[in-house]
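Hi,

Here is the model I said I would pass on.

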Amino acid sequence: MSESAQKKVQQLIDDNGVVVFSKSYCPYCNNTKRLLDGYGAKYAHYELNQEEDGSDVQDALLKITGQRTVPNIFINKQHIGGNSDFEAVISKGKDGKKVEELLQAAGAI
Ligand SMILES: N[C@@H](CCC(=O)N[C@@H](CS)C(=O)NCC(=O)O)C(=O)O
């Protein structure tokens, strides 16, 4: 597992209020982006199928989050999970906060 890929992942998480590790052809990823767009949220996305280090980054994500599938979503440096996890946050909130509050705290809206 590449140490630089792990650093890349951490940097993207640290530098962006919301980050979506994604694959451009993935319908779940597109749904997550559509939902974020619906809130008018700013987010970074890293398309693993379009980056040379995409498979190293995917391995790093597995190590860091225990999740290999995309989308792999972080809000305010907190791991959210995949699209279905994000949908659950939208309907139920997380740690007593609504999704809008989480996005606001992240500086995304
Ligand atoms: N339940 C997951 C499903 C995500 C999923 O199945 N993503 C596919 C791509 S569309 C995936 O990551 N496949 C493995 C891979 O691309 O390495 C979610 O809601 O995010």
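First, the ground rules. This is a predicted model, so local features are given only at pLDDT of at least 70 and side-chain atom pairs only at pLDDT 80 or more, while totals for chains, interfaces and linings use all residues. Numbering starts from 1 along each chain as its sequence is written.

On confidence, the average pLDDT of the protein is 97, and 99% of the residues score at least 70; pLDDT is the predictor's confidence in each residue, on a scale from 0 to 100. The ipTM is 0.98 and the pTM is 0.97.

Now the ligand. The shell around it consists of Lys23, Cys26, Pro27, Tyr28, Thr69, Val70, Pro71, Gly82, Asn83 and Ser84, where a residue is near a molecule if its C-beta atom, placed from the backbone, lies within 6 Å of it. Two helices, H2 (27-38) and H4 (83-92), each give at least two residues to this shell. Helices here are DSSP runs of H or I with at least four residues, strands are runs of E with at least two, and both are numbered from the N terminus. Sorted by class, the shell has five nonpolar, four polar and one charged residues. For that sorting, Ala, Val, Leu, Ile, Met, Phe, Trp, Tyr, Cys and Pro are nonpolar, Asp, Glu, Lys and Arg are charged, and the others, Gly among them, are polar.

The peptide bond from valine 70 to proline 71 is cis, with omega near 0°, and proline 71 sits in the loop between H3 and E3.

Next, the core. The largest nonpolar core has 27 residues, and those touching the most other members are Val18, Val19, Phe21, Tyr43, Val57, Ile75 and Leu103. At least two residues each come from helix H1 (3-15), strand E1 (18-22), H2, helix H3 (54-65), E3, H4 and H5. E1 gives the most, with four residues. By a nonpolar core I mean a set of buried Ala, Val, Leu, Ile, Met, Phe, Trp, Tyr and Cys residues joined through C-beta atoms within 7 Å. Buried means 20 or more other C-beta atoms within 10 Å of a residue's own, exposed means 12 or fewer, and partly exposed is in between, again with C-beta atoms placed from the backbone.

Valine 57 makes contacts with Ala5, Lys8, Val9, Phe21, Tyr46, Leu48 and Glu51, leaving aside neighbours within four places in sequence. Contact here means that the C-beta atoms of two residues, placed from the backbone, lie within 7 Å.

Which residues of H4 are buried? They are Asn83, Phe86 and Val89. These three lie on the same side of H4 because they cover an arc of only 115° around the axis, the arc being that of the directions from the helix axis to the C-beta atoms. Their cover includes H2, strand E3 (72-75), strand E4 (78-81) and helix H5 (99-105). On the face turned away from the buried side are the exposed residues Ser84, Ser91 and Lys92.

After H4 comes glycine 93, with a positive phi near 80°, in the loop between H4 and H5. Glycine 93 is partly exposed, with 14 other C-beta atoms within 10 Å. Beyond four places in sequence, glycine 93 touches Lys98 and Val99.

Lysine 77 is exposed, with 12 other C-beta atoms within 10 Å.

Last, glycine 66 lies in the loop between H3 and E3 and is exposed, with 9 other C-beta atoms within 10 Å. From glycine 66 to glycine 81 it is 15 residues in sequence and 9.6 Å in space, C-alpha to C-alpha.

Cheers
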